[in-house]
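Have the viewer open as you read.

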Amino acid sequence: MLAQKQKKFMTAKMRDNIFGIVTVILPLILFFTLNLAVLIITFITQFCDMDYYNLGTMTWNNFANFKFVFTDGRFGKSILIMFWLMTSEGVTFVLALVISVLISQKKPGSKVFQVMFFIPYICSTVAVSLMWRQMFDYEDGIINSILVGIFGEGARVSWRNDPAAYTWQLYIVNLWKAPGYGIVMFKAALGAVDQSLYEAAEIDGATKVKQFFSITLPSIAPTSFYLLFSGLIAGIMSFDVPKLFAGDTWTGEAGINDMGLTPVLYSYIRATTYNDIPTASVISYTLFVITLVMSIVLFKVRDKLTKEE
């Protein structure tokens, strides 16, 4: 009887082990057959000429794709636009911190405001971009209506046709959409700060400002670093909003004078409009290197600040 129970137990345990192994292996198989295969192919295509998407036509081209990308003015311009839009991530970081500190004061209606600030983050990017495109419309947009109402007809801005104003559309959309996630994260981090530290600081006569810089900021440093890191990645990978604002990119352009051209969008245009997978791959791997270098720098700065503390 005991032997039968042990046998049933071993059979059930073996069944669970097999189920667990299959559950783990299936995603790995999908990764190696799909993601990894694509990564290897795109890496190889960087060094080759290729007719459209025909892998059988690949021929070595003596680094011609790299020469083209690194001497291409459009790619250089896309990098500058990327760094400009990345500054919006820094602004949203500060906004999220300030708003979360205010909300954490537990004033009446603070939870309502927390939900309201988070809504833009969970909204569909497509819907948000289309909404903002309409708001920036030259004739009927609410943005120009407000400007005209305050400053007169001369304040009307041609957001889509003025190169100086075009990227500001993208910047403003990022400022509206991005802080929600940071607010929720900072709110949770602020709630976990040891309140006895504030009590001890008050006894010592520390002001609120002193408490914020001496207690609050060091206590939420891990969350701050995570948000800075994720903001860095989001800035480098900016694609959806610039693409939707640019509209039809089959012409090869991303807005007036390419003022909405980010590296990811340019890689997409090279691959789809020009059917040029090799140069699109070079752009993608260049972004990977930029992301890797900036990530290493950010981690080094964090480690240095941690040691100083």
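## Confidence in the model

In the protein chain, where is confidence lowest and where is it highest? Confidence is lowest in helix 1 (residues 2-45), with a mean of 74, and highest in helix 2 (residues 64-70), at 93. These values are pLDDT, the predictor's confidence in each residue, from 0 to 100. For the protein chain the mean pLDDT is 85, and 95% of residues reach 70 or more.

This is a predicted model, in which local features need pLDDT of at least 70, side-chain atom pairs count only at pLDDT 80 or more, and totals for chains, interfaces and linings use all residues. Residues are numbered from 1 along each chain as its sequence is written, and side-chain values use heavy atoms, with hydrogens and water left out.

## Overall build

The protein chain has 14 helices and 2 strands. Both kinds of element are DSSP runs numbered from the N terminus: helices are H or I with at least four residues, strands are E with at least two. Along the principal axes, the C-alpha atoms fill a box of roughly 85 × 65 × 40 Å.

The radius of gyration of the protein chain is 26 Å, whereas a compact globule of 309 residues would have one near 19 Å. That radius is taken over C-alpha atoms, and the globule rule is 2.2 Å times the number of residues to the power 0.38. Buried residues make up 35% of the 309; buried means under 20% relative accessible area, exposed over 50%, and partly exposed in between (1.4 Å probe, protein chains only).

## The nonpolar cores

The largest nonpolar core has 34 residues, and Trp132 and Phe245 have the most contacts inside it. A nonpolar core here is a set of buried Ala, Val, Leu, Ile, Met, Phe, Trp, Tyr and Cys residues joined through side-chain atoms within 4.5 Å. Its largest share, 6 residues, comes from helix 3. Other elements giving two or more residues include helix 5 (125-135), helix 7 (163-177) and helix 12 (240-246).

Leaving aside neighbours within four places in sequence, Phe245 is in contact (heavy atoms within 4.5 Å) with Ser129, Trp132, Arg133, Phe136, Tyr166, Gln169, Leu170 and Val173. Apart from this core lies another, of 15 residues, among them Leu190, Val193, Ala201 and Leu227.

## Helix 8 and Lys187

Helix 8 (residues 179-191) holds Lys187.

Is Lys187 buried or partly exposed? Lys187 counts as partly exposed because its relative accessible area is 26%. Beyond its neighbours within four places in sequence, Lys187 is in contact with Ser100, Ile103, Ser104 and Gln114.

## Two loop residues to look at

Most residues other than glycine have a negative phi. Asn62, in the loop between strand 2 (59-60) and helix 2, has a positive phi of about 60 degrees although it is not a glycine. Asp258, in the loop between helix 12 and helix 13, also has a positive phi, near 60 degrees.

Asn62 counts as partly exposed because its relative accessibility is 45%. Asp258 counts as buried, at 11% relative accessibility.
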